[in-house]
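Subject: Handing over the two-chain model

Hi,

Here is the structure I said I'd pass on. Have a look at it first, and then read my notes below.

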There are 2 protein chains.
Amino acid sequence: MRRLITILSLFIAFQISAQTDAENLKNIYTNSLTNGMSYQWLDHLSNQIGGRLSGSLNAEKAVEYTKEEFEKLGLDKVWLQPVMVPRWVRGAPEFSYIETSPGVTTNVNICALGGSIATPNGGVKTKVVEVKSLEDLAALGKEKIKGKIVFFNRPMQADLISTFEAYGGCVDQRYAGAMEAGKYGAVGVIVRSMNLRLDDYPHTGSMSYGDLPNSKRIPSAAISTNDAELLSSLLALDKNLNFFFSQHCKQLADVQSYNVIGEITGSEFPNEIIVVGGHLDSWDLGDGSHDDGAGVVQSMDVLRLLKESGIRPKRTIRAVLFMNEENGLRGGKKYAEVAKSKNEKHVFALESDAGGFTPRGFSFDCNDVVFAQIESWKPLFKPYLIHYFEKGGSGADIGPLKDNDIVLAGLRPDSQRYFDHHHAANDTFEHVNKRELELGAASMTALIYLMDKYGTATITNKEALKD
Amino acid sequence: MRRLITILSLFIAFQISAQTDAENLKNIYTNSLTNGMSYQWLDHLSNQIGGRLSGSLNAEKAVEYTKEEFEKLGLDKVWLQPVMVPRWVRGAPEFSYIETSPGVTTNVNICALGGSIATPNGGVKTKVVEVKSLEDLAALGKEKIKGKIVFFNRPMQADLISTFEAYGGCVDQRYAGAMEAGKYGAVGVIVRSMNLRLDDYPHTGSMSYGDLPNSKRIPSAAISTNDAELLSSLLALDKNLNFFFSQHCKQLADVQSYNVIGEITGSEFPNEIIVVGGHLDSWDLGDGSHDDGAGVVQSMDVLRLLKESGIRPKRTIRAVLFMNEENGLRGGKKYAEVAKSKNEKHVFALESDAGGFTPRGFSFDCNDVVFAQIESWKPLFKPYLIHYFEKGGSGADIGPLKDNDIVLAGLRPDSQRYFDHHHAANDTFEHVNKRELELGAASMTALIYLMDKYGTATITNKEALKD
């Protein structure tokens with residue numbers, strides 16, 4: 001009988017709790033869709049400030065602006081966390097053409113890759129070797145590459161449903177192309193833009209020379225997908241055509257910058273910290289609305305939505321706007337370093353860095369017990385069409401927090417349009433839909449609410465119930 | 001022992017079948033994403049032809065074009081099904097302003113609603129009564145309405161997750177506003193556009209006068225959401241401001257048009273017919289890319305994808321491009337009427353008429369046994385992030401086919417952006433993403449493939465297995 005009563009009271013407690021959770025989620029979504037701030041904040045970040053490359057004046061403006069907005073929210077704490085960041089500048093616009101016979105040229109759209117060196121003054125003009133992969137490059141060897149421009153032209157795989165998977169299968173060309181081609185004596189590298197669509201935008205992004213000595217470092221640029229197709233077609237007609245490009249980018253000395261942090265201090269377990277974040281820096285070609293203005297304003301709105309929905313979190317919730325995800329990850333590393341040095345206990349971190357599109361769910365880096373717990377919340381999300389709960393990666397900025405205990409997660413919006421805009425001049429405000437952005441902010445808030453409410457406690461209870 | 005063997009063979013048969021199904025779905029999606037025709041067809045429909053209002057030259061061009069494209073596919077049958085359609089024409093551009101004091105005017109963006117009469121020559125200028133609903137209107141009564149322009153200004157409800165639900169909760173103002181206001185002696189009706197976003201586009205759409213005598217019929221127009229807000233704000237300051245609008249639309253005599261039909265005849269059960277369709281007509285303001293060029297080209301691509309994937313359907317699969325969904329539904333009614341007169345057995349119909357956005361799933365109008373059968377296919381769709389299988393409505397054009405036996409279904413794409421473009425000048429090709437369109441076509445093909453393969457047979461088997 002006592003056992004029955006225990007079971008009954010547990011059942012009733014769960015019912016009441018589930019009802020409250022459903023109501024709280026409803027409040028969160030309604031507030032976001034009717035009084036959300038994320039779109040207005042993004043408008044300012046994108047249209048009043050613009051692209052926010054680390055070390056730029058715009059990046060510093062974004063630090064000031066978001067700190068001020070945090071302060072308006074009446075949070076428990078708002079602060080700047082200093083971090084030194086690299087400063088790479090693009091300089092004068094790039095210029096490039098294909099020369100099919102002397103003096104007969106067709107201009108093409110390129111942009112320097114982030115971290116690349118400039119071309120020599122007056123640019124580089126020489127023959128091109130087209131390859132599909134780093135393996136192709138190795139197979140050709142020094143003899144066929146020396147003195148040439150290497151053109152990496154492996155397209156993103158269109159039949160993959162996740163465009164991030166397609167990106168992952170291609171981005172080695174961009175990241176390591178110049179490093180590898182430099183070893184074989186190439187004089188430049190041109191990489192097909194990481195874009196599934198055929199259009200005229202070149203897409204920048206980070207590249208690395210690894211340990212390559214300065215003498216072997218060569219300039220590296222992305223070419224638009226349309227112009228990659230054009231170059232490839234023309235090469236099929238004439239292997240001996242010339243390709244010209246000039247770019248004027250350079251790496252300056254590191255400069256001081258900041259992660260921007262806002263906090264609601266936990267009412268019961270203030271020492272257990274939950275992080276929600278995105279990155280404040282962006283590339284310089286567009287205004288960084290999807291990458292990652294969206295994640296920044298959504299993370300800010302998580303704190304506001306919790307407050308507005310009358311939810312007083314038990315744990316400390318921090319929105320962290322990381323600096324320098326794009327070309328250094330210095331902000332993410334610094335945050336984790338400081339957390340470690342202060343012996344802070346981080347229990348959960350969620351990043352939004354996959355665009356401001358309709359949210360589909362989350363991926364989780366955690367063990368099976370925790371994942372089962374999280375999956376039990378799926379029915380609460382069903383009214384909001386949030387269906388994707390899978391184990392997987394989280395986000396670059398929160399990665400350095402990883403240890404045995406923390407649960408890491410990433411918001412997973414619909415990915416189909418993301419690489420149409422990623423790191424390109426058309427990553428701009430008008431391509432973000434207000435409702436889609438707000439649904440993302442609400443979904444993040446809902447997950448944070450549940451993680452805070454049940455935390456590891458429920459998991460412990462679950463284990464206990466097994467006995 | 002015999003029983004065990006039976007169970008084992010059933011199990012093995014299911015495994016093999018499930019594997020084949022997974023492979024066939026993979027082929028369908030890969031083909032659509034790498035060699036799909038839907039985007040190319042839509043480009044032609046949208047950019048070479050344009051808006052396709054029933055009875056217009058463009059609508060006839062679309063009939064010719066899609067018939068020719070069907071013929072290129074090497075189908076078993078392609079034909080035109082004659083149907084008389086209404087012909088409403090917009091005439092000279094509408095013009096409208098708010099007059100806050102004599103001679104002080106602000107132009108606003110309006111468009112005549114489909115089916116509306118024109119204003120008298122020289123337009124209408126008079127005072128405005130703002131209401132939120134038909135109930136508000138009735139409460140005001142004749143005295144307060146007579147001689148005025150009624151301004152219906154109930155916004156779509158932003159906190160509903162399905163924008164179609166928000167539309168359903170608002171569209172009575174557009175459809176019946178003039179009919180009801182006319183009864184009280186109003187001289188015109190202005191309706192807030194069915195749009196969740198604040199912007200400058202007026203959104204047209206059908207309206208009806210019902211049985212109202214000609215003498216009581218009044219002109220009716222939609223106003224952009226920004227201008228609805230403006231008008232409402234100005235009315236709050238001055239109830240006596242004047243509103244002017246002029247429009248020149250008229251209803252001409254019905255004209256001959258056609259449903260366009262392509263068919264793959266069934267190899268085993270040619271008399272069991274499966275329909276997949278969208279509507280070929282559109283409103284006249286944009287090029288009708290989302291509504292419903294997308295559904296048209298996806299339906300066409302279903303037949304191509306089945307052929308390309310080497311699937312020979314057992315049942316007859318017809319792609320039907322219905323004429324006149326927007327302002328009459330004559331095509332849908334005619335198709336059902338002919339099917340009935342020929343005693344054709346239709347077992348399944350699927351419509352795509354909710355935009356070319358990322359598909360989320362389908363809704364089904366069917367009984368519980370069939371729905372359970374369909375739900376058992378969900379795991380096959382999981383790799384494609386198709387998760388939404390719910391009972392609900394299907395599509396307007398296939399509605400007239402409804403009887404006790406047919407299963408009706410509608411493709412359910414992500415709905416967040418749909419009403420940004422619906423029936424407005426910005427329903428144009430550049431707002432359709434190629435991959436999203438292709439994923440929709442593949443999802444439709446996959447469902448048709450499974451319905452054809454298992455049809456009602458599996459359901460019968462299921463029933464049999466219960467004994």
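Let's start with a hairpin in chain B: S2(B) and S3(B) form it with two residues between them, and B:Gly103 in the turn has a positive phi of about 85 degrees. Helices (H or I, at least four residues) and strands (E, at least two) are DSSP runs, numbered from the N terminus.

Before going on, two notes on the source. This is a predicted model, so local features need pLDDT of at least 70 and side-chain atom pairs count only at pLDDT 80 or more, while totals for chains, interfaces and linings use all residues. Residues are numbered from 1 along each chain as its sequence is written, and chains are lettered from A and ligands numbered from 1 in the order in which they are written.

S2(B) and strand S3 (residues 104-107) of chain B pair in the antiparallel sense, over four bridges; two strands count as paired if DSSP finds at least two bridges between them. The bridge partner of B:Ser101 in S3(B) is B:Val104. Strand S2 (residues 95-101) of chain B also pairs with strand S9 (residues 242-246) of chain B, again in the antiparallel sense, over five bridges. There, B:Phe95 stands opposite B:Ser246 in S9(B).

Now for the sheet in chain A. Eight strands form an open sheet of mixed pairing, in the order S1-S10-S12-S11-S13-S16-S14-S15. Its edge strands, each pairing on one side only, are strand S1 (77-89) and strand S15 (388-391) of chain A. From one strand to the next the twist averages 20 degrees. (Axes are lines fitted to C-alpha atoms, for helices over the stretch in contact, and angles run from 0 to 180 degrees between N-to-C directions.) Within the sheet, strand S11 (residues 269-279) and strand S13 (residues 345-351) of chain A pair in the parallel sense over six bridges. A:Val275 has A:Ala349 as its bridge partner in S13(A).

Two helices lie across strands of chain A. Helix H3 (residues 57-72) of chain A lies across S1, strand S10 (250-264) and strand S12 (315-322), running at about 5 degrees to S10(A). Helix H9 (residues 330-341) of chain A lies across S1, S10, S11, S12 and S13, running at about 140 degrees to S1(A). Contact here has a cut-off: two residues are in contact if their C-beta atoms, placed from the backbone, lie within 7 Å.

Over in chain B, is strand S16 (residues 407-413) covered or open? Mostly covered: seven of its seven residues are buried. (Buried takes 20 or more other C-beta atoms within 10 Å of the residue's own, exposed 12 or fewer, and partly exposed is in between; C-beta atoms are placed from the backbone.) Both faces of S16(B) are covered, with B:Val407, B:Ala409, B:Leu411 and B:Pro413 on one side and B:Leu408, B:Gly410 and B:Arg412 on the other. The bridge partner of B:Phe348 in S16(B) is B:Val407, and that of B:Pro359 is B:Pro413.

Helix H8 (residues 289-308) of chain B is worth a look too. H8(B) has 20 residues, but its end C-alpha atoms are only 25 Å apart, short of the 28 Å that a straight helix would reach at 1.5 Å a residue; that expected span is 1.5 Å times one less than the number of residues. H8(B) is mostly covered, with 18 of its 20 residues buried. Just after H8(B), B:Gly310 takes a positive phi of about 70 degrees.

Last, how do the two chains sit together? A rotation of 180 degrees with 0.0 Å of shift along its axis superposes chain B on chain A (RMSD 0.0 Å), by least squares on the C-alpha atoms of residues with pLDDT of at least 70 in both. The two copies are thus related as by a two-fold rotation axis. In chain B, the C-alpha nearest that axis belongs to B:His387, 3.6 Å away.

The contact takes 23 residues from chain B and 23 residues from chain A. On the chain B side, helix H1 (2-35) and helix H13 (434-466) are the elements that give two or more residues, and H1(B) gives the most, with four residues. Also, 100% of the interface residues of chain B are interface residues in chain A too, so the copies meet through the same surface.

Cheers
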